[in-house]
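Have a look at the structure first, then read on.

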Amino acid sequence: MSYVAWFKDLNKDSISTAGGKGANLGEMFRLGIPVPNGFAVTAQTYAEYLETTKIKQKIQDLLKGLDVNDTEKLQAASKKVMDLIVSTPIPEEIAEEIMDNYELLGVKRGANSLINSEQVFVAVRSSATAEDLPEASFAGQQATFLNIKGKEKVVQAVLACWASLFTARAVYYREKNNFDHSKVLISAIVQKMVNSEKSGITFTANPSTNNRNEIVVQAIYGLGELIVSGAVSPDTYIVDKKTREIKEIKVKKQNIGLFRNEKGENEEQDIQKSQQERQVIDEKQVKELARLGTKLEEHYGKPQDIEWAIEKGEIFIVQTRAITTLKGGSSSASGSSTQDSKRDEVLGINEESGKIILKGETASAGVASGKVQIVLEMDQLNKVQKGDILVARMTTPDMVPAMQKAAGIITDEGGMTCHAAIVSREMGTPCIVGTEHATEILKDGEIVTVHASRGIVYEGKVDIQPAVKSQAALPLVSQDIITATEVKVIMDLPDVAEHAAQTGADGVGLVRLEIMIANGGIHPAEYIRQGREEDYVNLLKDGIGKIARAFKNKPVWVRCSDMRSDEYRNLKGGDKEPKETDPMIGWHAIRRLLDEPKILRAEFQAIRELHYEGLKNVGVMIPFVIRTEELQEAKEIMREFGLEPCKNIDFGVMVETPAACWIIEELCKEGISFVSFGTNDLTQLTLGIDRNNQKIQKLFDEMHPAVLGEMAKVIKVCKKYKVKTSICGQAGSRQEMAEFLVHQGVDSISANADAVDEIRRTVAKTERKLLLDRERER
């Protein structure tokens, strides 16, 4: 048998040979579409490899009876299978044929009709037999390797592609979609790479409006990866499908692009100032892309999502697939909620057909339609039902049970670090904050559509299609990226811990107890007053335990309760809380816990019991520290439970006050395992800014030199005493903060679950740059 099949020999019926990606490329090649040439290492070759090397049964045994909902077991089984494949060489006969065909890609006719061959850059892409089918979208689950050069490296990349059929994500999705592992094969597509000067995406139907008479073309400089990441906003061109006339052009300023350098590495480069605000592609190219898109749609009979690139003025179509999210009619039921992809945030191509009645700031992206329920007093929370839109002046922690029911959330006040923003991002609920007048303009019972990705509220139900997520593969899934700096997750909701663990995070950098307490409905002080400490202990054990089990063998740092007196009045016993002039800097956190030590003892007891049950990955953080004496007293109470801080339990402090920054050396000398920056409070207290005040949100900046200076000082001192440093504030989800902290040498960064992948890539890129800079300095 032949182990490879060239694109010219493939067509749409070749899925069983070359997978969906290979079949599509072959079909386009035969159709006369300008496709970079290449070949498929067939699925049958992969099957023969399994049989010849006798590892097929070993793989089946490793996956037999696997509970994919057990994250630890899933990841362990995945690693064992992938290691098995990577460590089992491709038989020599197969490897030689792959190398011979790779060399043919570099053949060209030179002077005097002499045939020359040169090593060319290729992409080696996985193409599973279940990928890119019109009725499903499983693309992007396996690996793609870019800028591969050299025949031996191509063989290695093919083997790595085969192994990627068993990433934890791929195994999980096959199980959930009832695909038999033994019947899913994989082809490796070896394709000559386009050295993209410009690239982009063509939709042959408008994915934002569901308009099938429009073609949308997006374009950026360099490689298309920056569209997907959202790092660059693309130019957008809307074309009438029938007349091919350009209806609308939106040019976005583009400062950077991703380009291949001479070493075959992708690197960000500045765009010349004269080109930054000019059209990336001219109208002739827009119309040609529309023509090619129409041809592909007509051929396949369905609207297409097409990736393209331009090199030396020549257009190449890299990939096409059906748009799987377009519907014939309404696509969002009342109360439904869909998380938009990154592309939706950068699309910006039109206003939906609806009346805009309110605008605010995006706190958590997504779209939801539902019935408005205005909550002005805590006794109104019960009227919020599943699928409603919760509207409030501002949310507080004791509103979380109602927030968990809501399809969308709108507030009058608040910014990106307010309670509503933090909780909604963790829940994945569309949320708009800082509208100023939502509770006045909206009426109970009316239907609205919350387009949180754009910070807009529409009157009535407006059908907004979630954008089609780009399937452009990255070199490796982010879980496979190894970084010296650990990337952890912020976790408050035990019920979503399993989902958060799927991000591959290195642990949990912050567990806040307040939401668990709110769900229990009773204030901690009330448990103590009623002599029900055991109930409080069990409440915390249940919540923390779920998180610790989901992240078994990874650190889970729990912050002791930080109950501000104005935020929990709806809890039983909350009416007994004191009325303070400024609760944000009042009687809460460690200062209250030492005044009411029975609360602290109950929290320590819950953690002690989890340790005795084998969950020794749980550590403790003391919040809002301003004096060394607070740390000393807390450690003494911990010792009452048979746990020695810093020896058999991780014991650290939150750095969220300027005082903690100035006494950091004394805190290190007293003995701590770690510190964690709480940037929301640290920024607020350093800059003197109310972080919940929408009118001065523009002044709230975690990247202010004063805040960064404090953090740099703390990291430097902690390194001296071998104390680990981390960040658990919302700023940890910002790329620029991640870059700064990596430069300073922080040990870990905690981000929201939806930002873990992005932050991990930022960390990897920054670490790589630091290493290169050091090499150059030698």
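A nonpolar core is a set of buried Ala, Val, Leu, Ile, Met, Phe, Trp, Tyr and Cys residues joined through side-chain atoms within 4.5 Å. Buried here means under 20% relative accessible area, with exposed being over 50% and partly exposed in between (1.4 Å probe, protein chains only). This is a predicted model, where local features need pLDDT of at least 70, side-chain atom pairs count only at pLDDT 80 or more, and totals for chains, interfaces and linings use all residues. Residues are numbered from 1 along each chain as its sequence is written, and side-chain values use heavy atoms, leaving out hydrogens and water.

**The whole chain**

The protein chain has 27 helices and 32 strands. Helices (H or I, at least four residues) and strands (E, at least two) are DSSP runs, numbered from the N terminus. Of its 778 residues, 57% count as buried. Take the contacts (heavy atoms within 4.5 Å) between residues at least 6 apart in sequence: 69% of them join residues at least 24 apart.

**The cores**

The largest nonpolar core has 88 residues, and Phe551, Phe604 and Ile622 have the most contacts inside it. Leaving out neighbours within four places in sequence, Phe551 is in contact with residues including Val489, Ala497, Val508, Val556 and Asn617. There is also a second, separate core of 49 residues, with Val81, Tyr102, Ala163 and Val171 among them.

**Two helix pairs**

Axes are lines fitted to C-alpha atoms, for helices over the stretch in contact, and angles run from 0 to 180 degrees between N-to-C directions.

| Helix pair | Axes come within | Crossing angle |
|---|---|---|
| H20 (residues 597–612) and H21 (residues 628–639) | 10 Å | roughly 55 degrees |
| H24 (residues 679–687) and H25 (residues 705–720) | 9 Å | roughly 120 degrees |

How do these angles get their names? Under 35 degrees counts as roughly parallel, over 145 as roughly antiparallel, 65 to 115 as roughly perpendicular and the rest as oblique. At roughly 55 degrees, H20 is therefore oblique to H21. At roughly 120 degrees, H24 is therefore oblique to H25.

H20 and H21 cross in a right-handed way; that label applies if the near helix is turned clockwise from the far one by less than a right angle, and left-handed if anticlockwise. On the H20 side, Pro597, Leu600, Arg601 and Phe604 make the contact, and H21 brings Ala634, Ile637 and Met638. By class, that is six nonpolar, no polar and one charged residues. Here Ala, Val, Leu, Ile, Met, Phe, Trp, Tyr, Cys and Pro count as nonpolar, Asp, Glu, Lys and Arg as charged, and the others, Gly among them, as polar.

H24 passes H25 in a right-handed crossing too. Thr679, Leu682, Thr683, Thr686 and Leu687 of H24 meet Ala706, Val707, Glu710 and Met711 of H25. That contact divides into five nonpolar, three polar and one charged. Buried residues in H24 include Thr679, Asp681 and Leu682. Just after H24, Gly688 takes a positive phi of about 65 degrees.

**Two residues to look up**

Thr167 sits in the loop between helix H6 (151–163) and helix H7 (168–176). Its relative accessibility is 5%, so Thr167 counts as buried. Thr167 and Ser78 are 89 residues apart in sequence, yet 5.6 Å apart in space, C-alpha to C-alpha.

Gln191 is in strand E7 (residues 186–192). Gln191 counts as buried because its relative accessibility is 3%. Not counting residues up to four places away in sequence, Gln191 touches Phe7, Leu25, Phe121 and Val318, among others.
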